[in-house]
Amino acid sequence: MELNVVGMMKELRGTYASGKTKSYEWRVSQLRALLKIADHHEKEITEALRSDLNKPELESFVYEIAAMKSSLQFALKQLKKWMKPEKVKTSLTTFPSSGEIVSEPLGVTLVISAWNYPFLLSLDPVIGAITAGNAVVLKPSEIAPATSALLSKLLGEYMDTSAVKVVEGSVPETTALLEQKWDKIFYTGNGRVGRIVLAAAAKHLTPVLLELGGKSPVVIDKNINLKVAARRIIAGKWGFNNGQACVAPDYLITTKDCASQLVDALKSELEAFYGKDPLKSDDLSRIVNSNHFNRLTNLLDDNKVSGKIVHGGQRDEANLKIAPTILLEVPGDSLVMNEEIFGPLLPILTVNKIEDSINVINVREKPLSAYLFTNDKRLKEEFIRNVSAGGLVVNDTTLHLAEHSLPFGGVGESGMGAYHGKFSFDAFSHKKAVLQRSFAGDIPARYPPYTPGKLKFLKALLNGDLIGLIRALIGW
Ligand code: NAD
């Protein structure tokens, strides 16, 4: 079916102008419809994710379906509170007056999502757009075609399609969408396309939220529970879509004297999780397609890392599988250290002192996440103060994602803006300042003709000089 973008925009503008999407009831009805999709179609969603990524059922359920339901349930519980105007204190300058911040929807919004968590990353931003009272178009990733088709079908069946639409497609369709004037664009994906989105939005002065990626580091100190640390690193890397996650650990940093113990701990837990032949494990997603498979094998075949593989390295091109692979002491100019890995390879860098890891991180672009395993209070404080990243986790990986009370988003090259919980509502709202006064308390000093007495009075008032104010009032 040919895409009639102009007609679609006209319909969405009409729906938004009718005011329907602004009502609490409409927002709740749409959130409930999304909940029904998750409840009634769990099997189809899991199958689509299996088809796109061979994603294990447990990961599909926990990180895509349950995570999306949790966002919905939280939003349904909080929505009334979020929609309430927030009363603020006003000052002497505007006395007598009352002030409030009114959250209003932005209008007609666009969500462009990525392939790695194609269900969650499509619907989580849509939840934000709906809670804030917007009309929304979702453009899922063509690289996860089964999930894209399923989203189009289910949203078409369950949602109010005069205000919530799915447009499937790749670059031509996205380009056509980006030519339109939107009131907000929410993009998840890589920074190269992020720049295309931002440039297209600039033409219409459209605000943009960019959820990008980067090289998320993990620092591992000595004197810690290495077994638990290894398990949590593995869960965040290979147990998270086989490393194809924006917050997956990208590289590890430890001290020279701890490296071999760390490698041993990772190897032994990896074997316990995925067996002796991980290519046969059903608990690892496959690489999404042959382009990404070739990209990852090029990183491994780089001369600069030959002889650096200390675990794994096996590949199965026919089934697009690469085993969990650890590389030790890779040079800084190797390919694997110069792009986001986004796959099952994990390099380990070593430093003389653990404090040096902060410099190693800070000479690179700001990552989406950074992780630290330590028992040292001073190191924790130094890490939190000096490492700039979208988010930090101490003594675990990736779990900050699951907290509704924490914003999720990048900084610098890893993105701009944040969402999750109330931050999603705010991301799709305009915070309208409303100041209300009555006709009482009209101060003549505001108005011409300006006299020395009026100036004296206003100076005292605006400087908060009470005695000066009394003097000015009694003309002294
Ligand atoms: P992708 O290839 O699915 O692209 C994302 C979207 O951009 C798709 O919908 C695609 O159709 C669209 N697109 C691609 N080329 C385009 C073009 N020329 N013009 C307009 N639109 C275009 O996903 P990806 O970029 O491979 O995703 C991986 C990247 O996303 C990684 O860097 C990862 O870290 C990041 N990511 C970030 C988050 C986050 O929440 N911060 C989540 C997932 C992925």
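Leaving aside neighbours within four places in sequence, with which residues is cysteine 246 in contact?

View 1. Cysteine 246 is in contact with Gly213 and Leu368, its neighbours within four places in sequence being left aside (contact: C-beta atoms, placed from the backbone, within 7 Å). The residue lies in the loop between helix H9 (226-237) and strand E9 (251-255) (DSSP runs numbered from the N terminus; helices, H or I, at least four residues; strands, E, at least two). Cysteine 246 counts as buried because it has 31 C-beta neighbours inside 10 Å (buried: 20 or more other C-beta atoms within 10 Å of its own). Residues are numbered from 1 along each chain as its sequence is written. In this predicted model, local features need pLDDT of at least 70 and side-chain atom pairs count only at pLDDT 80 or more, whereas totals for chains, interfaces and linings use all residues.

**View 2. Glutamate 211 and the annotated pair.** Glutamate 211 belongs to strand E7 (residues 208-211) and, with 27 C-beta neighbours inside 10 Å, is likewise classed as buried. The "active site" annotation of the unreviewed UniProt entry covers Glu211 and Cys246 (such annotations may be inferred rather than shown by experiment). They span 36 residues in sequence, yet no two of their C-alpha atoms are more than 9.0 Å apart, so they gather at one spot.

**View 3. Shell around the ligand.** Ser141, Gly189, Glu211, Gly213 and Cys246 come nearest among the 28 residues around the ligand (near: C-beta atom, placed from the backbone, within 6 Å). Helix H7 gives the most to this shell, with three residues.

Note on methods
Buried ≥ 20, exposed ≤ 12 C-beta atoms within 10 Å, placed from the backbone. Contact = placed C-beta atoms within 7 Å.
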